[in-house]
Structure formats: structure tokens, C-alpha cells
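Please read the following note alongside the sequence and the structure.

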Amino acid sequence: MTKETRKFEAQTQKVLDLMIHSLYSNKDIFLRELIANAADAIDKARFHSLSHKDMAQDWIIRIEPDKKRKTIKIMDNGIGMTHDEVVKNIGTIAQSGTKGFIEELSKKDQKNAPELIGQFGVGFYSAFMVSDNIEIETKKGGSSEPAVKWVSRGEGEYTIDDSTRTEQGTTVTLYLKKDEEKYLETWKLKEIVKKYSDFIEYPIKMKDMVKEPKKKEEGDKSEKPEYIDVEKDEILNSQKAIWLRNQKEITEEEYKQFFNHLSRSGGDPLKTIHYSAEGTSEFKALLFIPSKNPVTVFMPDTRKKNLHLYIRRIFITDECPDLLPEYLRFVDGVVDSNDLPLNVSRETLQDNPTLDKIEKNLIKKIIATLTQIKESEKEKYTSFFKEFGRYIKEGVHSDYENKDKLQDLLLFESMKNEPGKLISLKEYSDAMPKEQKDIYYIVGESRRIIENSPHLEMFKAKGFDVIFMTEPIDEFVVMNMFKYGEKGMRAVGKGEIDLDTEEEKKQNKEKEEQAKKEYSSLLEFIQKKLDENVNEVRFSKRLIDSACCLVGGAYDQSPYMERIMKSMNQAMPKNKRVLELNQNHPLVSAMKKLYEVNSNDPKLGEFAELLYDQALLAEGSPISNPMQFAKRVANLMVLDANNAIGSSGK
Ligand code: ADP
């Protein structure tokens with residue numbers, strides 16, 4: 001192959017520019033990123049060597065600063081890359097990831113950039129923060145393709161060429177920028193490795209000059225030893241797999257560094273769970289519940305990896321979806337099994353009974369830990385829930401076995417609590433007045449819209465709290481939650497609701513029967529008029545101030561969910577609902593009078609439609625003919641104004 005010059009993709013170049021001209025306060029992380037890449041490459045090679053003995057090596061990462069040439073080399077004997085892999089992995093960045101990265105970067109304080117670098121997997125490019133020029137020489141292990149040399153100044157293009165390298169692995173050479181020469185100092189490099197990469201399993205070696213006592217020459221009788229500089233190969237990291245160490249000896253800082261190495265979430269872990277399981281299956285787990293949800297979870301290309309699975313200290317995969325259910329995908333960490341056979345493949349990992357046991361155990365542990373945080377550190381739990389509550393809700397929906405425990409982990413806003421304050425179903429139940437039997441909730445797109453819903457009027461009057469469910473997932477979740485403990489879960493806008501006590505019911509009975517009789521022909525009239533949309537018109541037990549509202553059947557979807565489904569182009573069967581009228585509202589009695597005077601008055605039909613539209617608007621649903629509605633209201637306003645003028649005698 002001859003030497004080729006290629007252009008970076010426009011997006012990739014943008015990231016590079018940001019990187020090169022950035023004001024990141026912490027450039028040290030470039031080394032962490034390159035070492036992490038080297039360690040990943042060795043992980044892959046080691047996994048491969050389980051079945052391809054010729055690939056086995058003494059795995060090692062080496063750092064080699066050169067003060068004369070002002071370069072640092074980072075070398076590994078990992079899997080290496082072919083020509084095409086270099087082009088694909090180094091020449092481009094996953095499109096969506098890049099776009100997200102650029103957006104986030106221009107939005108956020110530049111100081112947050114290192115976190116973002118980690119989150120978006122543009123790790124390699126961070127080396128351009130300290131380098132004018134970068135060279136990669138790499139040879140793919142177990143492949144007959146020639147080795148490759150890649151060179152770039154990070155300015156629009158790179159060259160790619162064959163290389164004479166013969167051993168598998170990768171060497172990255174950084175030509176340091178003028179003001180970054182501090183990275184040639186061995187003490188500085190040692191400090192960075194110790195801080196960020198201490199737990200990397202493979203030895204990170206570097207040659208350094210150390211003072212050693214000079215061997216005494218024969219006949220030298222002096223007391224004081226003489227020291228000379230000797231070049232020695234040193235291992236810079238302790239290499240201890242942190243999850244295998246004794247918990248008591250691990251500092252918060254060490255956990256944090258490991259978390260940052262693993263996770264794309266950034267910041268501090270909210271909770272570290274470190275334990276060993278014995279009995280039916282033996283494994284060690286070090287799990288982290290992040291405090292922040294990484295921006296990348298929604299991006300397909302930079303999708304978060306799963307837990308890292310090790311078998312007896314050997315990295316197997318971070319793409320093992322059977323290790324944790326989907327809804328716990330926000331958890332980061334490592335699981336190191338003693339029982340799984342080393343010769344597993346991705347396929348044999350599926351439906352593996354040992355893995356099932358591990359999964360069950362992990363779920364139990366995670367739920368128990370969250371429950372404990374919720375009980376002892378409510379504030380911390382609330383901040384967790386604001387970030388990851390969606391996932392717990394998914395769990396209520398999908399993990400039948402743990403549904404009860406997961407239900408207890410849910411938090412919601414409620415009518416009686418100020419915005420932002422979240423309560424659990426238990427707290428809601430504990431605060432229920434004696435006469436309240438069920439738990440009530442309302443679903444809608446925002447607190448602002450639902451808190452004024454006519455459905456809440458009677459609840460406000462009775463002093464019953466109502467849970468606000470304002471996330472799209474809530475309705476799916478609550479669909480499977482018929483009960484919480486002994487209490488039913490009921491939507492305020494569905495089915496017949498009567499909050500009166502037995503006593504009150506008795507008292508009102510006669511009056512109601514009377515009203516029913518008096519109004520029956522009007523209600524029938526309205527029902528016929530609205531027949532296309534309404535299957536019944538009846539008096540309401542929900543309303544105090546409003547004239548009317550719409551009510552669904554007990555198992556119907558909420559109008560909010562219907563709107564969501566419609567917006568996703570899902571065909572929906574048309575749901576007729578019940579129009580409930582407030583028997584004490586003057587509008588209702590006025591209509592009755594009008595009806596008695598002339599049941600053919602065309603106004604009556606218009607009023608019926610206005611009632612229906614009002615009810616739709618009050619719950620946040622669109623009306624079918626806004627123009628007509630506006631016209632009708634305008635007419636009424638004119639009438640009212642004329643009346644006012646008339647009655648004032650002018
Ligand atoms: P990330 O490591 O987050 O995927 P990088 O930009 O750091 O992003 O690296 C891009 C890709 O280049 C890696 O995923 C890997 O496939 C490849 N790569 C980088 N460094 C090495 C290396 N030392 N050995 C083998 N492959 C590497």
C-alpha cells in the first residue's frame with residue numbers, strides 16, 4: 001500500500017478543534033484516556049488468547065518519555081488495529097455522539113469538558129490537547145495484514161501508510177506542544193498514573209533514573225555509601241483489581257477514581273455497593289449507582305455498556321445484557337465470577353443458569369440498597385429518583401417478581417405537596433384521612449395543567465391528596481398497579497367516584513333522586529346531541545366549581561395517553577366517555593329552564609357542544625373545532641355585553 005492522505009470527517013474535525021483550542025483545566029487526563037485504550041486493547045487480546053494460544057503475551061503497557069525529542073510514547077501489546085480499523089476507529093467518531101458532544105460542549109462550562117470527553121468516547125483525541133503531532137503504529141494480533149502507521153497534526157487530515165512493525169499491539173507517540181513539556185518529567189507521569197490508572201490490571205511500566213548506592217570498590221573503607229543514578233524499569237501502578245481488595249482498605253477516592261474509569265456518568269458515585277456473594281454462586285461485585293444520568297444514554301451509537309463481566313480476574317465482556325435487567329442499566333460496575341467457565345462465548349452466556357443466579361442476586365442487592373437509602377437518606381434518594389426514577393418505573397412495569405419492592409421505591413409529586421417535593425406511596429397512605437379508602441392519582445403532561453383539573457375539585461374540598469403523574473411512562477406503570485398493599489389505585493378521571501361518607505350518601509339520596517327525575521329529559525337531550533363522543537350524561541360527584549367534566553371508563557386510557565399515542569401515529573380506537581355535569585352549577589339549571597320553555601331552541605344544542613368543548617379544554621385536550629368554539633363564545637360575550645348595557649338602563 002502506498003501512503004495516503006485522508007481528510008477527517010467534518011464532525012470529527014470539529015471535535016478536534018474544540019479539543020486543541022480548549023481551555024480545559026485538567027489536561028492530565030489525556031494519559032488516563034490513552035492508558036484506558038491500551039488496557040482495553042489488552043483485555044480484548046487476552047480474551048482472544050483464551051482460544052488462540054499464539055496470541056498470548058506477557059501483557060504490558062509502557063510509557064516512554066524522551067526529553068531530547070520531546071515525545072512520549074504509550075505502548076501496549078494488545079489487540080492492535082488493521083488499516084480499516086484505524087480509519088474507522090480513529091478517523092471518524094460516531095456521528096450522533098459527535099453532534100451531542102459538540103452541543104453539550106458549547107452549552108456547558110468548559111471546565112466540565114473532561115467529564116464530557118469520557119462520556120462521549122472521544123478519549124483518544126484528548127491527546128491533541130498536549131500534542132502538535134501524533135503518530136500511531138499498530139499491528140493487529142493474529143492477522144496477516146501489514147502493520148499500519150497513522151500520522152496527524154489534528155488539522156483537517158491524516159496520513160496512513162504501511163509500517164514495518166512486527167509485534168502485535170499499538171504505540172502512540174505524542175509530539176508535545178511547547179508549553180506541555182512538563183509531561184516529559186517522570187515524576188509527573190508517575191503522579192498521573194497513580195491517580196487515575198492505579199487499578200489497571202496490567203503493569204504500566206516506565207524506565208526511570210533512580211539513585212542507588214554505588215557498589216563499593218575493593219578496599220574502600222568509607223562509612224558513607226556513594227549514590228549514583230541508575231536507570232530502572234519501574235511498575236507505576238499497584239495493579240490490584242479494586243473489587244478483589246478488602247473493602248476496609250479502599251478509600252472513597254480510590255472508589256471514585258475507579259468509578260470514573262468505568263462509568264460515563266461523571267461526578268461522584270451516589271452509592272458504592274461492594275460485596276462478595278457466596279453459596280449458590282460465588283462472585284464479587286463492585287457496583288456504582290451514579291449521581292447523574294449521562295447524556296449519552298439516549299444516543300444509540302454511544303449507548304452505555306453493561307456491567308463489566310470478569311471470570312476469575314479475566315475480563316470477558318461489557319456487553320452482557322443477561323447480567324442485569326434492562327431497567328437497571330443505570331448501574332455501573334464489575335462482576336467477577338468464580339463459577340463461570342473461562343471458555344464462555346457470547347452465545348453460551350445467554351440463558352446461562354449461573355448468570356441467572358448472579359443476576360437475581362444483583363437485583364436483590366441493588367433494590368435493597370436503594371430501599372435503604374430511601375429510608376435513611378431521603379434527600380439523597382430524592383435526588384437519585386429525580387435522575388433515575390424513570391428506570392425504577394420501567395422495573396415496576398417489567399419485573400413482576402420484584403414489583404412490590406419496586407413500587408415502594410416510587411416517588412411522586414402530589415396535590416397537597418409543593419412542586420418538586422416527592423412522596424412515596426407509603427407516605428401518601430400514611431397521611432390519608434380515615435374515611436379515605438383508595439389511593440387517587442391523576443395523569444397528565446404537567447403539574448400546571450393537571451392541578452387545575454375539574455376532576456380534583458371534590459378531592460380538594462374533602463382534603464384528600466391526589467398523586468400527580470406527569471411522566472409519559474407513568475400511565476404504563478400505573479396500568480399494572482391495581483393495588484398498593486390493601487388500597488386500590490384509582491384515577492380521579494375514571495369510573496364513578498363518590499367521596500361522600502355513608503352518612504352523607506344517606507342524606508343526599510332523596511335530593512339526588514329528585515334531581516335525576518327533573519333533569520332526565522335534559523340529560524337525555526344533551527347525550528343525543530353529543531352522541532358521537534359521549535356515551536352517557538350524568539350528574540357528577542366530583543365537581544364543585546366547574547359545570548362539567550369528562551370521565552373515562554375504569555380501564556380506559558387517559559386522554560393524555562391518547563394524545564401521546566396519536567402523536568406517535570398509533571391508531572387508537574375512539575373512546576366515548578361520560579360527560580358529568582355539576583348539578584349545583586347555575587349553568588345547568590339555566591339550561592333546564594330554557595329546555596322547559598322551548599325544547600327546540602337551537603341554543604340548547606350549541607350549549608351542549610360548548611359544555612363538551614369546555615370539558616375538553618379543562619383537561620388539556622384539543623377541541624375538534626376551535627374556530628366554531630371561539631365564534632360561539634364571542635356571540636355569548638356580545639349577548640352578555642348587550643344585557644349589561646340593557647340592565648344599566650342606557
Ligand atoms: P473510546 O476508547 O471511548 O472508544 P477513543 O477515541 O479513545 O474512544 O478510541 C476510539 C477507538 O480506537 C477505540 O474504541 C478502539 O477501537 C481504538 N483504539 C484506540 N486506542 C487503541 C489501542 N491502543 N489499541 C487498539 N485499539 C485502539
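The numbered points below take up domains, selected residues, a cavity and a pocket.

1. Basis of the note. This is a predicted model, in which local features need pLDDT of at least 70 and side-chain atom pairs count only at pLDDT 80 or more, while totals for chains, interfaces and linings use all residues. Residues are numbered from 1 along each chain as its sequence is written, and side-chain values use heavy atoms, with hydrogens and water left out.

2. Domains. The protein chain is divided into domain 1 (4–207), domain 2 (242–383), domain 3 (410–491) and domain 4 (502–647); such bounds come from an automatic or database domain assignment. Between the C-alpha centres of domain 2 and domain 4 the distance is 54 Å.

3. Thr170. This residue lies in strand S7 (residues 169–176); helices (H or I, at least four residues) and strands (E, at least two) are DSSP runs, numbered from the N terminus. Thr170 counts as buried because its relative accessibility is 8%, where buried means under 20% relative accessible area, exposed over 50%, and partly exposed in between (1.4 Å probe, protein chains only). Its side chain makes a polar contact of 2.9 Å with the side chain of Thr138. A polar contact is a pair of N or O atoms within 3.5 Å; within protein, one must be able to donate a hydrogen and the other to accept it, and residues adjacent in sequence count only if both atoms are side-chain atoms. Leaving aside neighbours within four places in sequence, Thr170 is in contact (heavy atoms within 4.5 Å) with residues including Ile74, Asp76, Ile136 and Arg165.

4. Leu174. Strand S7 also holds Leu174, which counts as buried because its relative accessibility is 0%. Not counting residues up to four places away in sequence, Leu174 touches Phe30, Leu34, Ile72, Ala127 and Val130, among others. From Leu174 to Asp220 there are 46 residues in sequence and 46 Å in space, C-alpha to C-alpha.

5. Helix H7. In H7 (residues 252–262), the buried residues are Tyr255, Gln257, Phe258, Phe259 and Leu262. These pack against helix H6 (186–197) and strands S10 (269–277), S11 (283–290), S12 (308–311) and S14 (332–337).

6. The cavity. How many cavities of 30 Å³ or more does the structure hold? There is one. On a 1 Å grid over the protein atoms alone, a cavity is a set of points where a 1.4 Å probe fits but cannot get out, and a pocket is an open set with protein on both sides within 12 Å along at least five of seven lines; lining residues have an atom within 4 Å of a point. The largest cavity has about 260 Å³ of space, a volume being the space filled by probe spheres set on the points, which are joined across faces, edges and corners. Of its 25 lining residues, Ile442, Val443, His455, Ser558 and Pro559 are the closest to its centre. Domain 3 and domain 4 each give at least three residues to this lining.

7. The second largest pocket. About 780 Å³ of space lies here. Among its 28 lining residues, the closest to the centre are Glu512, Phe539, Ser540, Lys541 and Gln583. Helix H16 (502–529) and strand S20 (534–539) are the elements that give two or more residues to the lining, and H16 provides the largest share, 10 residues.

8. Lys509. Helix H16 also contains Lys509, which counts as exposed because its relative accessibility is 52%.
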